[in-house]
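Colleague: Please take a close look at one loop of this model and what can be said of the strands around it. Plain description will do.

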Amino acid sequence: MKKTIGLMLTLLLAAALTACARQEHSDLPEDWQPEESFSFALDNEEEAFASEKIILDQTADFEYSVTWTPSGLSTEIGLEAEDGTRYKHELARGEVQGRMQDIPAGVYRVYVRNTSSFEKFPKADLRRLSGSAGFAVGQAH
């Protein structure tokens with residue numbers, strides 16, 4: 001009986017944590033659609049870039065949706081300016097939507113990078129991250 005109650009409490013806690021984690025990046029509307037998207041397959045520390053550069057004429061928000069497998073691996077999405085400056089968000093859990101606010105005017109490349117740890121995932125095939133990213137640029141809030 002104690003094991004059953006313990007298991008039920010563990011499952012409820014996991015569900016609550018998952019719901020909280022999803023709410024962390026829930027600032028995009030449910031019907032949000034990306035303007036552009038790209039797929040990636042990355043080993044540890046590898047990066048993939050969207051094919052087209054983004055030109056921001058004024059300060060803007062960068063909205064994104066990223067999904068990948070295995071979901072236990074971590075990644076980041078970001079914008080890289082021509083001078084190498086990066087604006088980025090660290091991502092976990094395999095599926096994240098979010099917004100980077102107040103990105104300065106400039107020319108950028110959108111990238112996704114596999115940030116998974118070699119220590120956490122010692123087998124090379126478990127560190128390969130595959131997925132897709134969609135993004136849009138909107139007016140700054």
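Modeller: Pro70 sits in the loop that links strand E4 (60–69) with strand E5 (75–81); strands (E) are DSSP runs of at least two residues, numbered from the N terminus. The model is predicted, so local features need pLDDT of at least 70 and side-chain atom pairs pLDDT 80 or more, while totals for chains, interfaces and linings use all residues. Residues are numbered from 1 along each chain as its sequence is written, and side-chain values use heavy atoms, without hydrogens or water.

With a relative accessible area of 36%, Pro70 is partly exposed (buried is under 20%, exposed over 50%, partly exposed in between; 1.4 Å probe, protein chains only). Its C-alpha is 8.8 Å from that of Arg93, 23 residues away in sequence.

Strand E4 belongs to an open sheet of four strands in the order E1-E9-E4-E7, paired antiparallel (pairing needs at least two DSSP bridges between two strands). Strand E1 (36–42) and strand E7 (95–103) are the edges, each pairing on one side only. From one strand to the next the twist averages 20° (axes are lines fitted to C-alpha atoms, with angles from 0 to 180 degrees between N-to-C directions). E1 and strand E9 (residues 129–139) run antiparallel and are joined by seven bridges; Ser39 stands opposite Ser132 in E9.

Arg113, in strand E8 (residues 106–114), is buried because its relative accessible area is 15%. Among the residues it touches are Ser74 and Thr75, as well as Leu42 and Arg86 (contact means heavy atoms within 4.5 Å). The Arg113 side chain also makes a polar contact with that of Glu45, at 2.3 Å (N or O atoms within 3.5 Å, one able to donate a hydrogen and the other to accept it; residues adjacent in sequence count only if both atoms are side-chain atoms).

Methods. Lists of a residue's contacts leave out its neighbours within four places in sequence.
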